[in-house]
Amino acid sequence: SCVEGLGGLVNLQTLSLAYNSIYDLSGFSRNVFQTQTPKLSKLDISDNRLASLDQLRYLEDCTVLKTLILESGDEFTNPICNHPSYLAQVRKVLRSVEVLDGHMVTKYPTNKRTRPPPAFTPAPRELDRQQQQQQAL
């Protein structure tokens, strides 16, 4: 999904949109805020489906954004967090950000391991059926 309906919220300071399957941040562009600079200082968009570093450009007009959370440490992190130039791109595009994913940008862990995508876990009923089938053998 994409972020929508922010046009009249120029005084919004904190916004959490975690766990919403968001893949498009175009709702943060300046024309959405009717040429006013948004006052958003903390944004949590962790655990969504952001796959392209280009999506960060939609946050450029959030010039007072100090805290950005794209990765919570959960297994369902945004795919962009695993990109090799993730930190460099955030620093380049979002110069006002001081805290990224709970770390000071200047002390962000550079040796972060790239995690594989989460493994498929069957629904509980399916697990029960699989266990019953194995016991029957």
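# Rings, burial and strand pairing

Reader: How many aromatic pairs does the rule count?

Author: The count comes to one aromatic pair. The rule takes the rings of Phe, Tyr and Trp (its six-membered ring) and pairs them if their centres lie within 6.5 Å. This is a predicted model: local features need pLDDT of at least 70, side-chain atom pairs count only at pLDDT 80 or more, and totals for chains, interfaces and linings use all residues. Residues are numbered from 1 along each chain as its sequence is written, and side-chain values use heavy atoms, with hydrogens and water left out.

Reader: What makes Tyr86 and Tyr108 an aromatic pair, and why is it called edge-to-face?

Author: Their ring centres are 6.3 Å apart, within the 6.5 Å limit. The planes stand at 65°. Planes under 30 degrees apart count as stacked, over 60 as edge-to-face and the rest as tilted. An angle of 65° is over 60, so the label is edge-to-face.

Reader: Which parts of the chain does the pair link?

Author: Distant ones: Tyr86 is in helix α1, and Tyr108 is in the loop between β5 and α2 (124-136). They are 22 residues apart. Helices (H or I, at least four residues) and strands (E, at least two) are DSSP runs, numbered from the N terminus.

Reader: How do you know whether Tyr86 and Tyr108 are buried or exposed?

Author: Relative accessible area decides: buried is under 20%, exposed over 50%, partly exposed in between (1.4 Å probe, protein chains only). Tyr86 has 2%, so it counts as buried. Tyr108 has 7%, so it counts as buried too. Over the chain of 137 residues, 37% count as buried.

Reader: Why are the buried residues of α1 said to line one face?

Author: Helix α1 (residues 86-93) buries Tyr86, Leu87, Val90 and Val93. Seen down the axis, they fall within an arc of 145°, so they line one face of the helix. The arc is that of the directions from the helix axis to the C-beta atoms. An α-helix has 3.6 residues a turn, so residues three or four places apart point the same way. What covers the buried residues of α1 includes β4 (99-100).

Reader: What makes a set of residues a nonpolar core, and which members touch the most others?

Author: The members must be buried Ala, Val, Leu, Ile, Met, Phe, Trp, Tyr or Cys, joined through side-chain atoms within 4.5 Å. The largest core has 30 residues. Leu25, Phe28, Leu43, Ile45, Leu68, Leu70 and Leu100 touch the most other members. The largest share of this core, four residues, comes from α1.

Reader: Which residues does Ile45 touch?

Author: Contact means heavy atoms within 4.5 Å. Beyond four places in sequence, Ile45 touches residues including Leu17, Leu25, Leu59, Leu68 and Asn78.

Reader: What makes the strands a sheet, and in what order do they run?

Author: Two strands pair if DSSP finds at least two bridges between them. Five strands form an open sheet, in the order β1-β2-β3-β4-β5, with mixed pairing. The edge strands are β1 and β5 (103-104), since each pairs on one side only.

Reader: How do you know that β2 and β3 pair?

Author: They share three bridges, and at least two are needed. The sense is parallel. Lys42 has Thr67 in β3 (residues 67-69) as its bridge partner.

Reader: Why is the charged end of Arg57 said to sit over the ring of Tyr58?

Author: The rule asks for NZ of Lys or CZ of Arg within 6 Å of the ring centre and within 35 degrees of the ring normal. The charged end of Arg57 is 4.4 Å from the centre of the Tyr58 ring, which is within 6 Å.

Reader: Is Tyr58 buried or exposed, and what does it contact?

Author: Tyr58 has a relative accessible area of 19%, so it is buried. Tyr58 lies in the loop between β2 and β3. Leaving aside neighbours within four places, its contacts are Asp24, Leu25, Ser26, Phe28 and Ser29.
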